[in-house]
Amino acid sequence: MEDLPYRLKIKTIMYIYKNAYTTIDFLNNQHSENFLAWICPLLKQNFIPMDMFIYYESDYIDQIYFHLSGFSGFVLPFKKNIVYIEIHNGDLFGEIDLIASAK
């Protein structure tokens, strides 16, 4: 792909990652094809099985997660994993929560 002319490279990446940037609200609101063409190839798909923790409260969070489908949420382990914040399809969480809570 590196050998392609710049505009053709952008159009090819936009075609390949159309599902990602139309499904994820954060990316869907971006209007710059250059930004989308840069960020989309960096995304890594990950399947998390049911009843599996993505990270724990004491973990160092250095990633942003984009929730595409299924059910997930923030839980209280000392209360039998009761969900106190639901994460909906299209939501993002992870490192972004640290940034948002610092305001």
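Me: How many salt bridges does the count come to here?
Reply: The count comes to 2 salt bridges, taking a side-chain nitrogen of Lys or Arg within 4 Å of a carboxyl oxygen of Asp or Glu as the test. Keep in mind that this is a predicted model, where local features need pLDDT of at least 70, side-chain atom pairs count only at pLDDT 80 or more, and totals for chains, interfaces and linings use all residues. Residues are numbered from 1 along each chain as its sequence is written, and side-chain values use heavy atoms, with hydrogens and water left out.

Me: What makes Glu 33 and Arg 7 a salt bridge?
Reply: Their side chains come to 3.0 Å, N to O, so the pair passes the cut-off. Glu 33 sits in helix α4 and Arg 7 in helix α1, so this pair ties together parts that are 26 residues apart in sequence. (Helices are DSSP runs of H or I with at least four residues, strands are runs of E with at least two, and both are numbered from the N terminus.)

Me: And what links Glu 33 to Lys 11?
Reply: A salt bridge too, at 3.5 Å, N to O. This pair links distant parts of the chain, with Glu 33 in helix α4 and Lys 11 in helix α1, 22 residues apart. Put together, Arg 7, Lys 11 and Glu 33 are linked in a network of salt bridges.

Me: Why is Glu 33 called partly exposed?
Reply: Its relative accessible area is 27%. Buried means under 20%, exposed over 50% and partly exposed in between (1.4 Å probe, protein chains only), so Glu 33 falls in the middle class. Arg 7 at 43% lands there as well, and so does Lys 11 at 44%.

Me: How do you know that His 67 is buried?
Reply: Its relative accessible area is 8%, so it counts as buried. His 67 is in the loop between β1 (64–66) and β2 (72–76). Ser 72, in strand β2, is at 15%, so it is buried too.

Me: What polar contacts does the His 67 side chain make?
Reply: One goes to the side chain of Asn 89 at 3.3 Å, and another joins His 67 to the side chain of Ser 72 at 3.0 Å.

Me: Why is the Phe 74 and Tyr 84 pair called tilted?
Reply: The centres are 6.3 Å apart, with 50 degrees between the planes. Rings of Phe, Tyr and Trp (its six-membered ring) pair if their centres lie within 6.5 Å; planes under 30 degrees apart count as stacked, over 60 as edge-to-face and the rest as tilted, so this pair is tilted. Phe 74 is in strand β2 and Tyr 84 in strand β3 (residues 82–87), 10 residues apart. Both are partly exposed, Phe 74 at 23% and Tyr 84 at 47%.

Me: Which aromatic cluster do Phe 74 and Tyr 84 belong to?
Reply: The one formed by Tyr 55, Tyr 65, Phe 74, Tyr 84 and Phe 93.

Conventions. Polar contact = N/O pair within 3.5 Å; in protein donor to acceptor, adjacent residues only side chain to side chain.
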